[in-house]
Amino acid sequence: MNVNVAITGRRAVREYAAQAVEEKSLRALIDAAVHAPSAANEQPWTFTVVRDQGVLDRISRKAKSHMLATPQPEHFRAHLIDPDFHIFYHAPALILISASAQGPWIVEDCALAAENLMLAAYAVGLGSCWIGFAQSFLNTPDGKNELDLPAAWVPVAPIIVGYPKAAPYPVSRNEPEIRWVG
Ligand SMILES: Cc1cc2nc3c(=O)[nH]c(=O)nc-3n(C[C@H](O)[C@H](O)[C@H](O)COP(=O)(O)O)c2cc1C
């Protein structure tokens with residue numbers, strides 16, 4: 001697929017078919033992710049693939065409670081207090097990109113890997129969505145414990161992956177603010 005087609009066609013997918021994603025497809029997404037650039041070529045990313053729905057259900061519940069313990073915008077609260085709201089939308093897989101090293105650019109590095117992964121997913125007919133609702137909880141000792149992550153790792157990008165149930169609606173973009181200097 002042409003890269004511009006992938007960039008403009010990719011959407012956050014929030015409704016998934018029950019169909020599992022094959023291990024080889026998940027490995028191909030991770031291979032795309034590791035081709036991202038990284039500061040000083042440190043490649044600090046690690047990938048934790050979670051397909052156990054019981055674990056994802058538990059993290060969803062705990063992440064919602066964790067977020068509700070601090071003030072949240074009303075539109076977030078409305079979702080977080082809804083017992084039926086599943087932060088991972090029952091997707092068949094979560095790929096959590098975490099940094100295994102410290103450094104000034106680990107978040108940028110992992111975010112670039114995440115975008116590669118999401119574009120590669122779109123190119124093979126898979127849907128994806130970055131789940132920011134999981135981030136804060138996954139960075140707690142309890143969150144890391146849920147996935148058996150080393151304490152020093154920094155979870156950055158929780159990306160759900162699965163086959164979309166339906167084509168997501170287009171999402172508009174604002175006109176870019178551009179300043180030309182020279
Ligand atoms: C850092 C980040 C965090 C996000 N967190 C969530 C989330 O917790 N739940 C969700 O449904 N979508 C989440 N999204 C998806 C955005 O809402 C989505 O990308 C945005 O609305 C634009 O839509 P598009 O991806 O279809 O272009 C997140 C996206 C990013 C980049």
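Start by selecting Cys-129, which counts as buried at 5% relative accessibility. Buried means under 20% relative accessible area, exposed means over 50%, and partly exposed lies in between (1.4 Å probe, protein chains only). This is a predicted model, in which local features need pLDDT of at least 70, side-chain atom pairs count only at pLDDT 80 or more, and totals for chains, interfaces and linings use all residues. Residues are numbered from 1 along each chain as its sequence is written, and side-chain values use heavy atoms, with hydrogens and water left out.

**Cysteines.** Searching the whole structure gives zero disulfides (a disulfide is a pair of cysteine sulfur atoms within 2.5 Å).

**The sheet.** Next, show the strands. Helices (H or I, at least four residues) and strands (E, at least two) are DSSP runs, numbered from the N terminus. Four strands make an open sheet, ordered β1-β2-β4-β3, with antiparallel pairing. Two strands pair if DSSP finds at least two bridges between them. The edges are β1 and β3 (127–130); each has a single partner strand, so one side of each is left without a neighbour in the sheet. On average, neighbouring strands of this sheet are turned by 25° against each other, direction ignored. Axes here are lines fitted to C-alpha atoms, for helices over the stretch in contact, and angles run from 0 to 180 degrees between N-to-C directions.

Zoom in on β3 and β4. Four bridges join these antiparallel strands. Pick Ser-128: its bridge partner in β4 is Val-161.

**Ser-98.** Move to strand β2 (residues 93–99), where Ser-98 sits. Ser-98 is buried, with a relative accessible area of 0%. Leaving aside neighbours within four places in sequence, Ser-98 is in contact with residues including Trp-45, Cys-110, Leu-149 and Trp-153. Contact means heavy atoms within 4.5 Å.

**Helix α2.** Select residues 23–33. The buried residues of this helix are Ser-25, Leu-26, Leu-29, Ile-30 and Ala-33. They cover an arc of only 140° around the axis, which puts them on the same side of α2. The arc is that of the directions from the helix axis to the C-beta atoms. On the other side of α2, look for Lys-24 and Arg-27, both exposed. The helix lies across β1, β2 and β4 and runs at about 160° to β1. Its buried residues pack against β1 (45–50), β2, α5 (106–123) and β4 (154–162).

**The cores.** Which residues have the most contacts inside the largest nonpolar core? Select Leu-29, Ile-97, Leu-117, Leu-126, Ile-159 and Val-161; the core has 25 residues. Elements giving two or more residues to this core are α2, β2, α5 and β4. The most come from α5, with eight residues. A nonpolar core is a set of buried Ala, Val, Leu, Ile, Met, Phe, Trp, Tyr and Cys residues joined through side-chain atoms within 4.5 Å. Centre on Leu-29: not counting residues up to four places away in sequence, Leu-29 touches Leu-117, Ala-120, Ala-121, Leu-126 and Val-161. Apart from this core lies another, of 24 residues, among them Val-50, Leu-56, Leu-80 and Phe-85.

**Last stop: the loop.** Asn-41 lies in the loop between α2 and β1. Asn-41 is not a glycine, yet has a positive phi of about 50°. Asn-41 is exposed, with a relative accessible area of 55%. Gln-43 lies in the loop between α2 and β1, with a positive phi of about 45° although it is not a glycine. Gln-43 counts as partly exposed, at 39% relative accessibility.
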